[in-house]
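Visitor: Before we get into the labels, could you put the model up for me? I'd like to ask where they come from.

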Amino acid sequence: MNILKSKKGLVIIMGIAVLLVISNFSKGNNKEQLTSKIEKYGDDTDIQHIEILDGNKSVAFIKKDDGTEGEIYFEKSLLSWKFKREFTFEPEGINTPIHLSFFQSPFNNEETLNTVLLRVFDNEISKVRIETGENIFHDFELLPKGSGERFGLFRTASEDFYEAEYIAYNSEGEVIYTSKSED
């Protein structure tokens, strides 16, 4: 009789778990769920772009009515997207074709990783590479934002990128801008 009760309890628990997962998926796709979460931050926020990373991590680029921009990082749990961190970015006064931001990864199990966020303001740039000496450290995949700007996001355990050179190329492979991260 005890075995029958434990099987019945297990079936009930599994049924509840299945219902929770189904209700989570019925809320809409990931970008719709994230849009709903971001809109709760306030009416003065315009969502420029949402990028899903690795299926369960995301970064949303926003612009506020006062002209400030920023990113909001979320991570998906079993039931919903959870807020991780928000950064503000003020583009006023930036006169370089690329802008770099460095910070610790906001995602779970990535606490030891460093993150490089690259913003590209020059439409002529088609690729940005991180080089350390003769070694290619990383080639950014440039992704579009709603504002027409592009960005790249890179997470690494290495700290070599702090001493690296960032080289921007046009579509013909010509170097059009270089920058050292310590600049």
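This is a predicted model: local features need pLDDT of at least 70, side-chain atom pairs count only at pLDDT 80 or more; totals for chains, interfaces and linings use all residues.

Visitor: Why is Thr156 called buried?

Guide: Buried means under 20% relative accessible area. Thr156 comes in at 11%, so the label applies. Thr156 belongs to strand β10, residues 150-156.

Visitor: Which residues is Thr156 in contact with, once neighbours within four places in sequence are left aside?

Guide: Leu113, Asn114, Phe137 and Phe161.

Visitor: What makes β5 and β9 edge strands?

Guide: Start with the order of the open sheet: β5-β6-β10-β9, with antiparallel pairing. β5 (98-104) and β9 (143-144) each have a single partner strand, so one side of each has no neighbour in the sheet.

Visitor: How do you know that β6 and β10 pair?

Guide: Two strands pair if DSSP finds at least two bridges between them. Seven bridges join β6 (residues 114-120) to β10, so by that cut-off they pair, and they run antiparallel. Leu118 sits opposite Gly152 of β10.

Visitor: Why say that the buried residues of α2 line one face of the helix?

Guide: In α2, residues 30-39, the buried ones are Gln33, Leu34 and Ile38. Looking down the α2 axis, they fall within an arc of 135°, so they line one face.

Visitor: And what does the side chain of Asn29 reach at the start of α2?

Guide: The backbone nitrogen of Lys31: a side-chain oxygen of Asn29 comes to within 3.0 Å of that atom.

Methods
Residues are numbered from 1 along each chain as its sequence is written. Side-chain values use heavy atoms; hydrogens and water are left out. Helices (H or I, at least four residues) and strands (E, at least two) are DSSP runs, numbered from the N terminus. Buried means under 20% relative accessible area, exposed over 50%, partly exposed in between (1.4 Å probe, protein chains only). Contact means heavy atoms within 4.5 Å. The arc is that of the directions from the helix axis to the C-beta atoms. A polar contact is a pair of N or O atoms within 3.5 Å; within protein, one must be able to donate a hydrogen and the other to accept it, and residues adjacent in sequence count only if both atoms are side-chain atoms.
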